[in-house]
Each structure stands twice: as C-alpha cells, then as structure tokens.
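Hi,

Here is the structure we talked about. Please load it first; my notes follow below.

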Amino acid sequence: MASTLELLRAAQAGGYAVGAFNVYNLEGALAVVAAAEQERCPAILQIHPAALVHGGSPLVALCLEAARRATVPMAVHLDHCTDLETVRAVLAAGLTSVMADGSRLDYEGNVAFTAEVAAMVHARGGCVEA
C-alpha cells in the first residue's frame, strides 16, 4: 500500500495520471484492485461519506486491506467529506487521505473548515485535498 501523496508525486514525476475510483463494498474494491493489477498501474480506492452510512469502519478496513494486498501501489482516500466527525472517524479507522469539501460554506467558513481538517490529518502524517 502507498500513500496518496506518494502516488501523486510519482505520477507527477512520471507524467501520468492516477485513477481514483469510488467504491461501496468489497466487490467494488476488489474490482478496482484487479483492474489496476491487470493494467500494472497504481490506483486510489475512494470512499464517499454516503457509503460510510452503511459500511462504516468495516468498509474502511476492507479498502485498506485490499490496498495492502494489491501487487501495484494503491492508496485509500475519503472523498468529498463535509464534516469533521466523519474525518475523525476515518482517521481512527486508519485512513490518512481526505478531501475536505467546504464548497457549501462561504469563503471564510471553507478556509476555516479546510484548515481544521488539514490540522487533524497532518497530525497523523496524512494529506488533504481541498
């Protein structure tokens, strides 16, 4: 398993893109891993907060395990997160890559939300997309 930052730095240096795919269950995660392995290219498993309503921390755990077992570099990322409680929950479950989506907020609120998410994620050595 690789970090999102590692994958993106390698892609930038190599001049290629890294696909990021939202998954909602084990079958989806395994399908992304199988396709990435077949193409011999890295990929990112993304979890949307709506998927966490039903999947919770077990969904995070299965994505992390699928990424660990992959034979190509894989990362796991929380996509379009709009609240701090979800960020806390996924950090506790082992994720270190989060998209802070403050688009529903005014500019100052978006900056404040993003700064708080960044502080939480960076404290765990992770990275933030905003």
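Cys 81 counts as buried, because its relative accessibility is 0%. Keep in mind that this is a predicted model.

Cysteines next. The structure holds zero disulfides. Cys 81 is in none: the nearest cysteine sulfur, that of Cys 127, is 14 Å away.

Now the strands. β3 spans residues 74–81 and is mostly covered. Seven of its eight residues are buried. On one side, β3 is joined to β2 (residues 43–47) by five bridges, and the two run parallel. Ala 43 stands opposite Met 74 of β3. β3 also pairs with β4 (residues 97–100), again in the parallel sense, over two bridges. There, Cys 81 has Ala 100 in β4 as its bridge partner.

Then the crossovers. β2, helix α3 (residues 49–69) and β3 form a right-handed β-α-β unit. Another right-handed β-α-β unit is made by β3, helix α4 (residues 84–93) and β4.

Last, the rings. The structure holds zero aromatic pairs. One ring does have a charge over it: Arg 104 lies over the face of Phe 113, at 5.8 Å from the ring centre.

Best regards

Technical notes. Residues numbered from 1 in each chain as written. Predicted model: local features only at pLDDT ≥ 70, side-chain atom pairs only at ≥ 80, totals over all residues. Heavy atoms only, no water. Phe/Tyr/Trp six-rings, centres within 6.5 Å; stacked < 30°, edge-to-face > 60°. Lys NZ or Arg CZ within 6 Å of the ring centre and 35° of its normal. Buried < 20%, exposed > 50% of the residue type's maximum accessible area, 1.4 Å probe, protein only. Helix = DSSP H or I, 4+ residues; strand = E, 2+ residues; numbered from the N terminus. Pairing = 2+ DSSP bridges. Right-handed = clockwise from strand over helix to strand, strands pointing away. Disulfide = S-S within 2.5 Å.
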